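Here's a quick briefing for anyone meeting this structure for the first time. Have a look at it below, then read on.

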Amino acid sequence: MERADDLRCTGAFRDCEEISTHGFAYVAKNKRTLGGCRGHPTSGSSASGHHAKGSLPTCGYSEFPPRNVVPDSDARREIACSRTISGEQMSATHALPRRDESTDAIRTRPCPKCYVCERQGELLYEILTDRLFGAPGKWNLKRCSDPKCGMVWLDPVPLEEDISKAYRAYYTHEADVPPADNFARRLYSRIQAGYVRTKYHYRQGGHDPWDQLSTLLAYLNPIRRANFDLNVFCLHAKPNGRLLEVGCGSGTMLKSMQGLGWKVEGVDFDPAAVEAARKKGLSVHLGTLSEQEFRANSFDAIIMGHCIEHVPDPINLLRECYRILKPGGRLVVITPNVRSWGHRLYGADWRGLEPPRHLHIFTLSSLAAVCARAGFTGYECRSAVRANGIHLASRMLRKGKLESRPPSWNLRLLAEATGLAQWALSLVDREAGEEIVLISLK
Ligand SMILES: [Zn+2]
């Protein structure tokens with residue numbers, strides 16, 4: 001299989017005006033959105049969904065400062081969430097649905113053993129709360145006692161029938177906000193588009209004589225270049241190729257991939273997200289993947305960005321992916337890396353933990369084991385660094401307070417430096433990156 005050679009240990013520091021993806025992104029100077037992330041990187045594509053030259057999507061786990069950083073107080077119901085803020089207004093108060101404690105409580109079951117290797121777990125963190133989207137409950141995380149595996153999971157874990165209660169205020173219910181239209185943004189998009197056209201042979205927007213220069217500029221910053229790679233899931237152009245996104249949320253990434261020439265479909269279990277995606281004209285199915293009963297050997301590519309960590313049974317999910325992929329088809333999974341430098345740095349405040357929605361948080365080896373048990377024989381699994389957003393978000397969580405303002409330039413520079421340092425570290429420590437990227441071939 002082709003190797004995503006430039007993906008390795010790279011990532012994307014993205015300053016917040018250049019991005020908007022799954023997660024939180026300040027989309028414009030005076031009009032910004034803070035979002036969360038699930039399953040998929042949402043993209044910072046234009047609202048129109050056009051991704052002609054100069055307007056490729058941006059996406060990624062990297063850019064998420066939290067939308068709702070909720071103080072640890074069950075009594076707090078009014079959460080300043082700053083979804084869309086105009087001008088100098090620094091915050092908007094958004095009221096999460098008032099909870100009925102008796103019906104909103106998420107029921108759980110014990111989960112003492114590792115999903116992958118069935119070894120006992122050791123307590124990693126206890127009494128965590130959802131400081132992002134205000135889901136009820138207090139949560140413990142266990143870590144597999146086998147250091148080779150290292151998987152982290154919730155114990156107790158939500159009952160499957162109650163998992164939806166953790167998504168009531170989730171970001172995929174939000175409307176997309178178009179990215180800023182300024183010189184810096186246009187330049188950034190143009191560099192990204194040129195790089196993607198050159199490396200992945202997408203031809204939307206036609207040839208641009210500056211593509212070679214764009215590619216050269218992209219290579220100068222490895223963490224942004226990795227971001228460009230992950231924004232297209234390292235997939236080479238395949239005109240009229242059939243692509244499925246599992247956990248597509250409101251469909252922003254799907255729209256982007258459609259703009260690049262893919263025939264796209266999506267699946268998501270969240271009715272509000274599916275409705276939002278359908279409003280964009282996308283073909284999106286409600287429910288789990290297996291419920292869709294897709295024909296075997298029917299997709300050229302399946303993408304899953306920040307989804308697998310939300311799924312109760314990842315092996316079954318990947319088995320179904322294997323079944324419906326065409327021979328030669330490709331599965332690309334992006335998920336938080338629990339052995340990342342960010343987790344080591346921020347501990348319980350690390351943004352990638354996200355209890356109670358992240359049921360399993362993988363290491364390279366545990367995700368590779370899941371992939372192999374699902375039937376894939378050809379795959380590569382590596383960590384990637386595009387770490388500004390997660391560092392910003394984790395810093396906010398550490399402070400425990402809402403930051404509705406866009407990050408200061410000092411903080412941005414610090415985050416850029418952190419990302420580059422992490423990239424340098426990842427050259428010697430292959431597990432240092434914030435995200436795991438799994439590319440599997442059927
Ligand atoms: Zn294990």
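Predicted model: local features only at pLDDT ≥ 70, side-chain atom pairs only at ≥ 80, totals over all residues.

Helices (H or I, at least four residues) and strands (E, at least two) are DSSP runs, numbered from the N terminus. Residues are numbered from 1 along each chain as its sequence is written.

**The whole chain**
- The protein chain holds 12 helices and 17 strands.
- Of its 442 residues, 59% are buried (20 or more other C-beta atoms within 10 Å of a residue's own, with C-beta atoms placed from the backbone).

**Helix α5**
- α5 spans residues 252-259, and eight of its eight residues are buried.
- Among them are T252, L254 and K255.
- The cover over these buried residues includes β10 (242-246), β11 (263-268), α6 (271-279) and β13; contact here means C-beta atoms, placed from the backbone, within 7 Å.

**The seven-stranded sheet**
- Seven strands make an open sheet with mixed pairing, in the order β12-β11-β10-β13-β14-β17-β16; two strands pair if DSSP finds at least two bridges between them.
- At the edges sit β12 (284-286) and β16 (378-384), each pairing on one side only.
- β14 (residues 325-336) and β17 (residues 435-441) run antiparallel and are joined by seven bridges.
- In that pairing, P336 stands opposite E435 in β17.

Methods:
Buried ≥ 20, exposed ≤ 12 C-beta atoms within 10 Å, placed from the backbone. Contact = placed C-beta atoms within 7 Å.
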